[in-house]
Amino acid sequence: MSDVDLFRLPVELLHRIFDYLEAQAIWSVRRVCKQLYSITSTYDRFHLNVNSQSKRLLKLFSRWISPECIVSLIFDIPESSSYFSWCLRTNSEDNMIRLFISLFAGHRFTRLRSLVINRAYDGDIDFLSHHLNTNSLESLSIHMCGDRVSSTIAFINTILSQNCIRKLYFNNSVLIINDMPWPDHCKLEHLILNTCGYNRYLIVLNDLLNLKIFVIDEWHSYNFGFSTDLLACKHRSLLTSLTIKNCTLPMEHIETLLSRTPALVHLKLISRKRAFDSIFDGYNWEQFILNRLPQLNRFEYFFSFIHKTNDYMKILNRVIASFQTPFWLQQKHWYTICSYAFESQTFELHTTTIHVTDSNNLIKFEKLAETNTYRLVGQPSKTDRTKTLNILNLAGNQIGDIGAEHLATALLYNTVRFDTKGFFLCYPAIQKTLVELNLRRNQIGRSGAQYFFKLQQNNTTLKKLELNENADSICTIVEIAHRIRYDKTLNSLNLAKRQIGDLEAQYLAEALRINNRLVSLDLRNNNISEIGIELIADALRNNSVIESHMILQLGTVATTMQRMKCDMANYTLDFRLIQNSNFFVYLQSLTILKVQGCQIGNKGVQYLTDIFQHNNTIIAVNLDNNEIDDNGIKYLADVLRANETLTTLSLSYNRISDNGIKHLVDAIPNNTTLISLNLQKNRIGDMGAQHFREALKLNKTLLKLTLRNNQSNSCTIVQMEHEIKHEMTCTTTDWTGHQIGKEKLECLSAALKTNYTTIILILDNNHIGNDGIKHIADGLLKNTTLQELSVRNNRIGNEGVEYIANVLKENMTLTTLNLSNNLISDDGAKHLADAIQKNTKLIKLNLENNRIGDSGAQQVATALNINTTITKLELSSNQIGENGAQYLGNALRNNTTLSLLSLNMNSIENKGLQYIAASLIINKTLTKLKLQQNKITDEGTYCLIDLLQNNNVP
């Protein structure tokens, strides 16, 4: 409508439009143009809301609006505690009510029909009662603050006595009922109370003869039924509308209550989280209404009760059936909905005209009495209540197969959206926004999963679907099929041992038809028959966009191998454990071949070798557990002689013995590409192990060889020799905490004799003991490259140290030796001291945390008098006392190379410290001395002070 058309309307019509606007809005319209200014100037039915307006705006209204033109007045006082303090200051200009009266002449409100006062004190009401004209007031609403209400009661009583008031709301219902002297012939027709009980209810019915509408926010059920003769109904109630918003009464009490009001036309009852009783019985309600409330034509209700169950459908059907009689559907047209809210485990029964919930976040399954149909509805949190829905999380509910059917049907047409109340409804809509749906742990079975499989074929917006942990494993397969369709990051999928049958294979096949990203699919150890395999094969046959290799682990028997020779390029093929002989799939560029567990035997191996004649891209072959013996291994040996691409070959769990190994190792020296060979769990003996030992001397490319669990223990030793050989190709070998056994130590000893690369060997925390260190020492006697050896915490005693001491006498490359945390005592220290006197390469010696006492310290001290290479000696955490300290102090007088001496946590006292301190006056090379946690007192520190004053060592 144009501006010209607006001004052609009658002024009376524009004024009727203004009746729906507050004064603030009309003020904005007034300033648009001269015509509207003139029209608003003649308007005389203002609705003024006095809330947090500024003084300036309120003063502006007082100059513009005459009090005689105000018909509705609202004092909406802020909830802040600071404002309540203003209210207490009766002379403050910040008090909203007092400020308003000071600007408007209260006695001039001659046409005031409605007055609302929110959050006021008794003193404010008292002030209003003396300054505001309420003679024409028809509606009054007061929400009090504070405990004092005497002035408020007097104010209400004055208004009621004027016989104009028709509607009243007061939040302090106890006082208004108990203390209010209701005037005779009160004309009140509409009463709203925040609380009420049975006795007060009877008082209202007895004293307010003209009351038509009665609204109770909360019913107090205590002392129900208590009444005296004075409270007994004195007359027939004319009440036509009754609303109780929070009623906890049982059905028999509700019937007693309603029997007092036979003229009811409208009834509204809300009862949350109650016990299940006859209030949920439609047949009972039907008889009561027919007998006691014959004039009732509008019945609104909401009842709920909590009950945890998986069989919610049975309860829904039973409850809703009693509300589907002709009385409800045809005579009264009161349509009922019964629902189950999964999260709160609450059953709700309500009419379609009412909307009440018990939670801010509910997913509900509903049954409608009118149409006898079901639907799944939900409500997001208040902060997420928008018109579109992208992510829906229904995990941990119990929607079951029926709920899954309705949800999948809705999603099939992208029909999930929010209605105007914030609920999403499952009926056709325009929005296509849902992209993620979580239905984990929802008791969904096979039939429910099938609905979501159909959904996948048509819905294009749902990108993520979670169905795991439901009643049937097929739900997981449907979820996986959905991932195959829509997850662009998915390139590998392991579905082994999932009990997949032909139906599940069908779901996967449908998804594989359109997938162009998956490169690895493992379906081993399942229950797929040739029907299911054909479905998957057909899907792969028609898939022409896969760019990488596909690992299809299905399983077959030897007859299939003959058919594999055709058109094999582009995919990895793996046939396992499903025993089907009719699988034929055209694949190209075969790179990985897995045939484990199919018992293909020697004949199958022969067919496989034919593949290598047509394929030069295979890099890995797995033939585990296939009953291959020495005859079958001949075919593979022929392949290895000429093949230039194969890097990995696995033959574990077969029947290969020494003769077969001879064929295999004859081919290994000529092969330059194989880097991993697995032959564990065969029948290889000593001869076969020796064949490998000789072949590995020539082969330089095989990095990993597995021979464990064969007939001869020599196989394990050969494997360890090979492992150690390759592990020790680096300059540092660290086997800390490996729990090395005797066999590996023997292999390590042999490796050390020929190793020319490892210069640091760490064997800490292995408990190798004296016998183990003997093997290490034997290898070191012939080793010419190792520079650092650490064998801390290995239970090495005096006997073992003697082996190491012998090495130090001969070996001239070892510079660092760590023997800490062992069992070395004075005898062991003597072995080491003898060796140190002859050794000219050792620089660092660590003997911390052993059992060396004064005698051992004496032996070490003697060696220090001769040794000229050791710079760091650590003897902390031993048993060295004053005598040992004296021996070491004497040695320091002569030693000119030691720069660090650690004696922490021994038993050295003041006198021992004096010996050492005296020697340092002469010694000019020791730069670091550690004596923490000994038995040195303050007296001993004087020696150190003197030393520090005279010591000039940098």
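1. Let me start with H333, which counts as partly exposed because its relative accessibility is 47% (buried means under 20% relative accessible area, exposed over 50%, and partly exposed in between, with a 1.4 Å probe and protein chains only). H333 sits in the loop between α15 (326-331) and β11; helices (H or I, at least four residues) and strands (E, at least two) are DSSP runs, numbered from the N terminus. The phi of H333 is near 60 degrees, a positive value in a residue other than glycine. For background, most residues other than glycine have a negative phi.

2. A word on the source before going on. This is a predicted model, in which local features need pLDDT of at least 70 and side-chain atom pairs count only at pLDDT 80 or more, while totals for chains, interfaces and linings use all residues. Residues are numbered from 1 along each chain as its sequence is written, and side-chain values use heavy atoms, with hydrogens and water left out.

3. E469 also deserves a look for its backbone. Its phi is near 60 degrees, a positive value in a residue other than glycine. You will find E469 in the loop between β19 (464-466) and α18, and at 42% relative accessibility it counts as partly exposed.

4. Now for the chain as a whole. It has 34 helices and 38 strands, and buried residues make up 52% of its 954 residues. Among contacts (heavy atoms within 4.5 Å) between residues at least 6 apart in sequence, 73% join residues at least 24 apart.

5. What does the largest nonpolar core hold? It has 149 residues, and those with the most contacts inside it are F100, L140, Y201, F214, W285, L437 and F452. A nonpolar core here is a set of buried Ala, Val, Leu, Ile, Met, Phe, Trp, Tyr and Cys residues joined through side-chain atoms within 4.5 Å. Helix α18 (residues 474-486) gives the most to this core, with seven residues. Leaving out residues up to four places away in sequence, Y201 touches C196, F214, I216, W219, L242, L257, R260 and T261. A second, separate core has 61 residues, including L786, L814, L819 and I916. In soluble globular proteins, nonpolar side chains tend to be buried together.

6. Of the 18 residues lining it, E721, H722, K725, A751 and T754 are the closest to its centre. The terms rest on a 1 Å grid over the protein atoms alone: a pocket is an open set of points where a 1.4 Å probe fits, with protein on both sides within 12 Å along at least five of seven lines, and lining residues have an atom within 4 Å of a point.

7. The lining residues divide into six nonpolar, seven polar and five charged. In this count, Ala, Val, Leu, Ile, Met, Phe, Trp, Tyr, Cys and Pro are nonpolar, Asp, Glu, Lys and Arg are charged, and the others, Gly among them, are polar.

8. On cysteines, a search of the whole structure finds zero disulfides (pairs of cysteine sulfur atoms within 2.5 Å). C338 is buried at 2% relative accessibility, and C715 is buried at 0%. C186, in the loop between α10 (173-178) and β6 (190-196), is buried at 2%. Beyond its neighbours within four places in sequence, C186 is in contact with L160, L208 and N210.

9. Buried or exposed: which is S339? S339 is buried, with a relative accessible area of 0%, and lies in strand β11 (residues 336-341). Apart from residues up to four places away in sequence, S339 touches L316, T346, F347, E348, K364, F365 and E366.

10. Finally, A505 lies in helix α19 (residues 502-512) and is buried, with a relative accessible area of 0%. Setting aside neighbours within four places in sequence, A505 is in contact with I500, I528, G532 and I536. A505 and L535 are 30 residues apart along the chain, and their C-alpha atoms are separated by 7.1 Å.
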